[in-house]
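Reader: Could you walk me through how to read a few features of a model?

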Amino acid sequence: MRNYRLFFSGQVISNIGTWMQRIAQDWLVFTLSGNNPVALGIAVGLQFLPILFLSLWAGVLADRADKRKLLIGVQVVAGTQALVLGLLDITGVVEMWHVFTLCFVLGCVAAIEVPTRQSFVAEMVGREQVANAVALNSTIFNMARIVGPAIAGFVIVWVGTGWLFLANAVSTLAVLAGLLLMNPDKLFRGPRVARAKGQLREGLSYVRRRADLMTVMVLVFFVSTFGITFFTSLAIVAANVFGTEADGYGLLSTLLAVGTFTGALMSARRGSRGRPRVRVLLLSALALGLLEIATGYMPTYLAFGIALIPLGYATITFLNTANALVQTAVSPQMRGRVMGLYVLVLVGGNPIGAPMTGWMAEAFGGRSPFVIGGAISAIAALVCAVILVRRGGVTLPRRRFPGLRVLDRRGA
């Protein structure tokens, strides 16, 4: 599909730029604040705060508007944000309030872009290929997580952070080119939702009536808010626990990305075989929590870095499965609004989780976010598994071993 190939190619370049900016931004905040983990948590929190207020309305907008044109406008704003931050940094006039303000602007962009892009995937490939396309998107995202941080760590040491922001601004041109070159007539568009009152409430009611979607949303909220805090805690561990510079932080991010990239490839393989399974979601969430606890106790920099690989594998398996489950379970007319809610529960907890991570690291040590976050994730997975089994949303294997049977609630 030509449209998806254009999108895929642009995302490869843009995601590398995005990850270079993310590493540079974290290190710039750390430098300006004197290695203060709370300041880093505030910066990350500001970047995700707009999602609390805008993502649901962005889902409504995505159902009403031309998603391709909406994404073009969003990319222009994202490129401008990176350009301004890069110029402030290179000229040496950047201050902490500049970074905080631009983090908030980037959060506004993400609040609109993410649900729109997520729902646009189905328009490019059709419903039957959604799971595979989600996994492929994750593959390029995590390939960028390998390349971007590795480049960023060394560039920061050589020339500083400013040039990385400018590089990300240039990388947005690749996405714009792909979107402009698409053939709109080849998109798998559903009927456009007409503007009307109560559409947001309609979307929320739709999810509330679906026990399967509600369980996925609850699990994603707890795991993403308390478990997947690596973007804040990795910088803290690199600098405050192991005493490394920016290149050491970049290497840890790359090792985590090796695991997520491998997990994304396996998710793409599973996606080509059929629809995503709830059992995979629950098991991957439990594995993520247990592996995160183990990683938090690793005694050396090398052991910690190696432990990030299986943790990354479990993380991306969980995220890809949740995304594909939501996208394949909803009607096209509701997809934008449901994805808006999904984005809200996925990243909307970061204004809580990111400052909390910084506070925990300062109060209990740099390893504590891994241990505490992993415990919360594992407990959430077990609770959701029990709820789904009781409601019949997931079944246990009946004859796994000869002579052994699992009884249901009636004793059958």
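Author: Gladly; we will go through a helix, the cores and a helix pair.

Author: This is a predicted model, where local features need pLDDT of at least 70, side-chain atom pairs count only at pLDDT 80 or more, and totals for chains, interfaces and linings use all residues. Residues are numbered from 1 along each chain as its sequence is written, and side-chain values use heavy atoms, with hydrogens and water left out.

Reader: How many residues does helix α1 have, and what does it reach from its first C-alpha to its last?

Author: The expected span of a helix is 1.5 Å times one less than its number of residues; helices are DSSP runs (H or I, at least four residues), numbered from the N terminus. Helix α1 (residues 2-33) has 32 residues and reaches 46 Å, close to the 46 Å expected. Just after α1, Gly34 takes a positive phi of about 70°.

Reader: Which residues have the most contacts inside the largest nonpolar core?

Author: In soluble globular proteins, nonpolar side chains tend to be buried together. A nonpolar core joins buried Ala, Val, Leu, Ile, Met, Phe, Trp, Tyr and Cys residues through side-chain atoms within 4.5 Å, buried being under 20% relative accessible area (1.4 Å probe, protein chains only). Here the largest has 86 residues, and Leu219 and Leu234 have the most contacts inside it. Domain 1 (1-183) and domain 2 (198-393), with bounds from an automatic or database domain assignment, both give residues to this core, so it lies between them.

Reader: At what angle do α7 and α13 pack?

Author: Helix α7 (residues 199-208) and helix α13 (residues 335-347) pack at about 75°, which makes them roughly perpendicular (65 to 115 degrees).

Technical notes. Helix = DSSP H or I, 4+ residues; strand = E, 2+ residues; numbered from the N terminus. Buried < 20%, exposed > 50% of the residue type's maximum accessible area, 1.4 Å probe, protein only. Axes fitted to C-alpha atoms, helices over the stretch in contact; angles between N-to-C directions. Parallel < 35°, antiparallel > 145°, perpendicular 65-115°, else oblique.
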